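Keep the viewer open while you read.

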Amino acid sequence: GELSGLLSKAKSVTAGAGGGTVKVLAETVGDMSAEDLRDAADALKEKLGSGVVVLAASGADKISFVVSVTADCAKKGLHAGKIAKGFAQEIGGSGG
């Protein structure tokens, strides 16, 4: 399905000064409700196993997005809220 197609787009990036590699999946999806966006991010996070999922949905008048971090990455100091805030600033929003 569409989710497995998105999974193939995950990229490995070096995270922070520690130099650890983290899988990151950041994609734009069609117009989706916040709840559907969260469900999709959770499903992708589960399939990814370890990493960060950022999904953005572009609606008629705004962009909604969700950031989801697997538990092992959270323990390494990757914080979904901080990632969301940085992402929101990049696209001119507030994040929260």
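Leave aside the neighbours within four places in sequence, and Ser64 is in contact with Leu37, Leu55, Ala56 and Ala57. Bear in mind that this is a predicted model. Ser64 sits in strand 4, which covers residues 63-69. Is Ser64 buried or exposed? Its relative accessibility is 19%, and since buried means under 20%, Ser64 counts as buried.

One of those partners, Ala57, is worth a look of its own. Not counting residues up to four places away in sequence, Ala57 touches Val29, Gly30, Met32, Leu37, Lys62, Ile63 and Ser64.

Now for the nonpolar side. Which residues make up the largest nonpolar core? There are twelve of them: Leu6, Leu25, Val29, Leu37, Ala40, Ala41, Leu44, Leu48, Val53, Leu55, Ala57 and Val66. Two or more residues each come from strand 2 (20-29), helix 2 (34-48) and strand 3 (52-58). Helix 2 gives the largest share of this core, with five residues. Apart from this core lies another one, of seven residues, including Val22, Val54, Val67 and Cys73. As a general point, nonpolar side chains in soluble globular proteins tend to be buried together.

Next, the aromatics. The structure holds one aromatic pair. Phe65 and Phe87 form it, in an edge-to-face arrangement with 4.6 Å centre to centre and 70° between the planes. The pair links distant parts of the chain, with Phe65 in strand 4 and Phe87 in helix 4 (residues 80-90), 22 residues apart.

| Residue | Relative accessibility | Class |
|---|---|---|
| Ser64 | 19% | buried |
| Phe65 | 22% | partly exposed |
| Phe87 | 28% | partly exposed |

So much for the details; on to the overall picture. How many helices and strands are there in the protein? It has four helices and four strands, and along the sequence they follow the pattern α-β-β-α-β-β-α-α. The protein has 96 residues, of which 26% count as buried. It exposes about 5900 Å², with carbon and sulfur atoms supplying 51% of that area. As for contacts with a separation of 6 or more, 42% of them are accounted for by residues 24 or more positions apart.

Methods
Residues are numbered from 1 along each chain as its sequence is written. This is a predicted model: local features need pLDDT of at least 70, side-chain atom pairs count only at pLDDT 80 or more; totals for chains, interfaces and linings use all residues. Side-chain values use heavy atoms; hydrogens and water are left out. A nonpolar core is a set of buried Ala, Val, Leu, Ile, Met, Phe, Trp, Tyr and Cys residues joined through side-chain atoms within 4.5 Å. Buried means under 20% relative accessible area, exposed over 50%, partly exposed in between (1.4 Å probe, protein chains only). Contact means heavy atoms within 4.5 Å. Rings of Phe, Tyr and Trp (its six-membered ring) pair if their centres lie within 6.5 Å; planes under 30 degrees apart count as stacked, over 60 as edge-to-face and the rest as tilted. Accessible areas come from the Shrake-Rupley method with a 1.4 Å probe; for residues, only the protein chains shown count as cover.
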